[in-house]
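Please read the following report alongside the sequence and the model. It begins with ring pairs and then turns to the helices and loops.

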Amino acid sequence: MLIAREKKKDNIAEYILYMWQIEDMLRAMGLDIERVNENVVAAFQTDERVKQEIREWYDNLIAMMKQEKVEQRGHIQVLKNTVNELTELHFYMLHKAYDRHYQQLVTVAASNLVEFRRKAGVDDTVSDVELALNGLYGNLLLRLQKKELNPETARAMETFSQMIAYLAARYKQMEEAEDKAYLS
């Protein structure tokens, strides 16, 4: 909860990847709040009030996962919505704002996205943004397992990373501008 809150504020892409990791962790614990409490919440060095908040946050995530039927795979709707927001920004930057730097990053990543889409067996209903995030998430899981990527895959992941990092930075700018407008 504490980490997710910071990541959501600072870097939306890192937030998404972190939350996907949390979903997988909850699945690994059988969506059992008692196991989460013993193995995760208890490890936090904080007062009981904050621990209770953290436990409730995990419990709410578990409830959402069950309600939305993503106990085995998939993502909760709030995360899908966030990916969709990034996808909308992606299209805006490419086709309305004509952000040259972003267009270059997407062009560099394009052939890697096509190849990754083919290897993953994913159709065109999955956006390039979601596809790149999926690649980065897979890369994260491999690194956590201390497995090496072949150099070609590592270069492809770097193009995804650059594209998504720039998109996330623009998302943050957009959010900050909306906050300023709201407060004015």
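## Aromatic pairs

A search of the whole structure finds four aromatic pairs, where rings of Phe, Tyr and Trp (its six-membered ring) pair if their centres lie within 6.5 Å, and where planes under 30 degrees apart count as stacked, over 60 as edge-to-face and the rest as tilted. One of them joins Trp 20 and Tyr 137 in an edge-to-face arrangement, with 5.8 Å from centre to centre and 90° between the planes. Because Trp 20 lies in helix α2 (residues 12–28) and Tyr 137 in helix α7 (residues 128–144), this pair ties together parts that are 117 residues apart in sequence; helices here are DSSP runs of H or I with at least four residues, strands are runs of E with at least two, and both are numbered from the N terminus. Trp 20 is buried, with a relative accessible area of 2%, and Tyr 137 also counts as buried, at 9% relative accessibility; buried means under 20% relative accessible area, exposed over 50% and partly exposed in between, with a 1.4 Å probe and protein chains only.

The rings of Trp 57 and Tyr 58 have their centres 5.0 Å apart and their planes at 70°, so this pair is edge-to-face. Both Trp 57 and Tyr 58 are buried.

## Basis of the values

The model is predicted, so that local features need a pLDDT of at least 70 and side-chain atom pairs count only at pLDDT 80 or more, while totals for chains, interfaces and linings use all residues. Residues are numbered from 1 along each chain as its sequence is written, and side-chain values use heavy atoms, with hydrogens and water left out.

## The chain as a whole

The C-alpha atoms fill a box of roughly 50 × 50 × 30 Å, taken along the principal axes. Of the 184 residues of the protein chain, 38% count as buried.

Helix α2 has 17 residues and reaches 24 Å from its first C-alpha to its last, close to the 24 Å expected at 1.5 Å a residue, the expected span being 1.5 Å times one less than the number of residues. The helix is mostly covered, with 12 of its 17 residues buried, among them Tyr 15, Tyr 18, Met 19, Trp 20, Glu 23 and Arg 27. At the start of α2, a side-chain oxygen of Asn 11 reaches to within 3.0 Å of the backbone nitrogen of Ala 13. After the helix comes Gly 30, whose phi is positive, near 70°.

Helix α7 should span 24 Å for its 17 residues at 1.5 Å a residue, and its end C-alpha atoms are 24 Å apart, which agrees. Its buried residues include Leu 133, Gly 135, Leu 136, Tyr 137 and Asn 139.

## Helices α5 and α6

What angle do the axes of α5 and α6 make where they cross? The axes of helix α5 (residues 77–95) and helix α6 (residues 100–120) come within 8 Å and cross at roughly 110°, which makes α5 roughly perpendicular to α6. Angles of 65 to 115 degrees count as roughly perpendicular, under 35 as roughly parallel, over 145 as roughly antiparallel and the rest as oblique.

Arg 117 is found in helix α6 and counts as buried, at 12% relative accessibility. Its side chain reaches the backbone oxygen of Asp 123 at 2.6 Å, and the side chain of Arg 117 also reaches the backbone oxygen of Val 126 at 2.9 Å.

## Loop residues with positive phi

Most residues other than glycine have a negative phi. Tyr 98, which is not a glycine, has a positive phi of about 50°, and Tyr 98 is found in the loop between α5 and α6. Lys 146 likewise has a positive phi, of about 60°, although it is not a glycine. Lys 146 has its place in the loop between α7 and α8 (151–183), and Lys 146 is exposed, with a relative accessible area of 74%.

## A residue of α8

Thr 159 has its place in helix α8 and counts as buried, at 12% relative accessibility. The C-alpha atoms of Thr 159 and Gly 74, which are 85 residues apart along the chain, are separated by 25 Å.

Key:
Polar contact = N/O pair within 3.5 Å; in protein donor to acceptor, adjacent residues only side chain to side chain. Axes fitted to C-alpha atoms, helices over the stretch in contact; angles between N-to-C directions.
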